Amino acid sequence: MMTLSQMAVDVLTTADGREKTAKSRDYAAQWFAARKAGTPLPVGEATPPLRPSRPEKPELLNPRDVPKRKPGSPQGRLALIHAVAHIELNAVDLHWDIIPRFAHVKMPLGYYDDWVKAADEESKHFNLMCDCLEEMDSYYGALPAHAGMWRAAEDTVDDFMGRLAVVPMVLEARGLDVTPGMIALFEKAKSTSVVDALNTIYAEEVGHVAYGSKWFHFLCGRHDEDPKEAFHRLVRRYFKGALKPPFNDEKRAEAGLPPDFYWPLSEDTPNRTR
Ligand SMILES: [Fe+2]
Ligand SMILES: [Fe+2]
């Protein structure tokens, strides 16, 4: 029988996207079946790779070198779906990585439930985006993608609270800010299957940000730290650049992220110290 950490490492070291997500969904089902039966799988310990395995394609380019396409054009919309597929695949790895990476820190079982569920949902999101690409006679790997998506994970490889602050509470929260605009763009183009897929993603991502906030607050409580101050300190340390408004205040609030967490880190705030 595999431990949860071994399952995570197996997902991380699988290169092909569809194969990675199939394993991810299968392991998630195994975890929840065992939980339901009252016989949870052991979390165990296993060493995750510094960087997850990725397919040969897409070619990974510096963001500056990724060709810009007009979002209103069919090519631009295809590139946007491709970019979202790339983000979702990265998210699958991020959610699995946090499990073995910090398995030495004792956490309640509900913590593992949350990240396994998030990883399962990201796997579904990647597959949905791939289905949309295939519907448009394309596929994941047909276009170049951003390099450096794993940067946040590498920077916080030894800092559990830093990882929670930067990944779910900054990067995934940013997804809540930009997704409504993307949905509007595809509604205008009457791309029903993309709109449906993005609505699923949008609804489920609120949960991922909420898990981040929940366990960040939990660890602050354990270490008797002020959550807002700890968040500001860690984001300033690990996240390069200011947070970009406009913020989706409503969905951020729903995810347990109040304005005094992110507004002071935004580029609109004068005299920010970094
Ligand atoms: Fe996602
Ligand atoms: Fe997510």
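Among contacts in the protein chain between residues at least 6 apart in sequence, what percentage join residues at least 24 apart? The figure is 79%, where two residues are in contact if their C-beta atoms, placed from the backbone, lie within 7 Å. The model is predicted: local features need pLDDT of at least 70, side-chain atom pairs count only at pLDDT 80 or more, and totals for chains, interfaces and linings use all residues. Residues are numbered from 1 along each chain as its sequence is written, while chains are lettered from A and ligands numbered from 1 in the order in which they are written.

The protein chain holds 10 helices and 2 strands; these are DSSP runs numbered from the N terminus, with helices being H or I of at least four residues and strands being E of at least two. Along the sequence their order is α-α-β-α-α-β-α-α-α-α-α-α. The radius of gyration is 18 Å, close to the 19 Å that the globule rule gives for 274 residues, so the chain is as compact as a globular protein of that length. This radius is taken over C-alpha atoms, and the rule is 2.2 Å times the number of residues to the power 0.38. The C-alpha trace spans about 50 × 50 × 30 Å along its principal axes.

Of the 274 residues, 41% count as buried. A residue is buried if 20 or more other C-beta atoms lie within 10 Å of its own, exposed if 12 or fewer, and partly exposed in between, with C-beta atoms placed from the backbone. In soluble globular proteins, nonpolar side chains tend to be buried together. Here the largest nonpolar core has 68 residues; such a core is a set of buried Ala, Val, Leu, Ile, Met, Phe, Trp, Tyr and Cys residues joined through C-beta atoms within 7 Å. Ala-85, Met-129, Ala-165 and Met-169 have the most contacts inside this core. Helix 4 (residues 109-135) gives the most to the core, with 12 residues.

Helix 1 (residues 4-12) is mostly covered, as 7 of its 9 residues are buried. Among them are Leu-4, Met-7 and Leu-12. The cover over the buried residues of helix 1 includes helix 2 (17-36), helix 3 (74-101) and helix 4.

Further along, helix 6 (residues 160-188) and helix 8 (residues 227-238) pack at an angle of about 85°, with axes 9 Å apart. Axes are lines fitted to C-alpha atoms, for helices over the stretch in contact, and angles run from 0 to 180 degrees between N-to-C directions. The two helices are therefore roughly perpendicular, the word for angles of 65 to 115 degrees; under 35 is roughly parallel, over 145 roughly antiparallel, and the rest oblique. Ala-165 of helix 6 takes part in this contact, as do Phe-231, Leu-234 and Val-235 of helix 8. Leaving aside residues up to four places away in sequence, Ala-165 touches Val-170, Phe-216, Phe-231, Leu-234 and Val-235.

Helix 7 (residues 192-222) also packs with helix 8, at about 110° and with axes 10 Å apart. Helix 7 is thus roughly perpendicular to helix 8. Phe-216, His-217 and Cys-220 of helix 7 meet Pro-227, Ala-230 and Phe-231 of helix 8.

The loops hold some backbone details. Asp-224, in the loop between helix 7 and helix 8, has a positive phi of about 55° although it is not a glycine. Asp-224 counts as exposed, with 6 C-beta neighbours inside 10 Å. A cis peptide bond joins Pro-245 and Pro-246, with omega about 5°.
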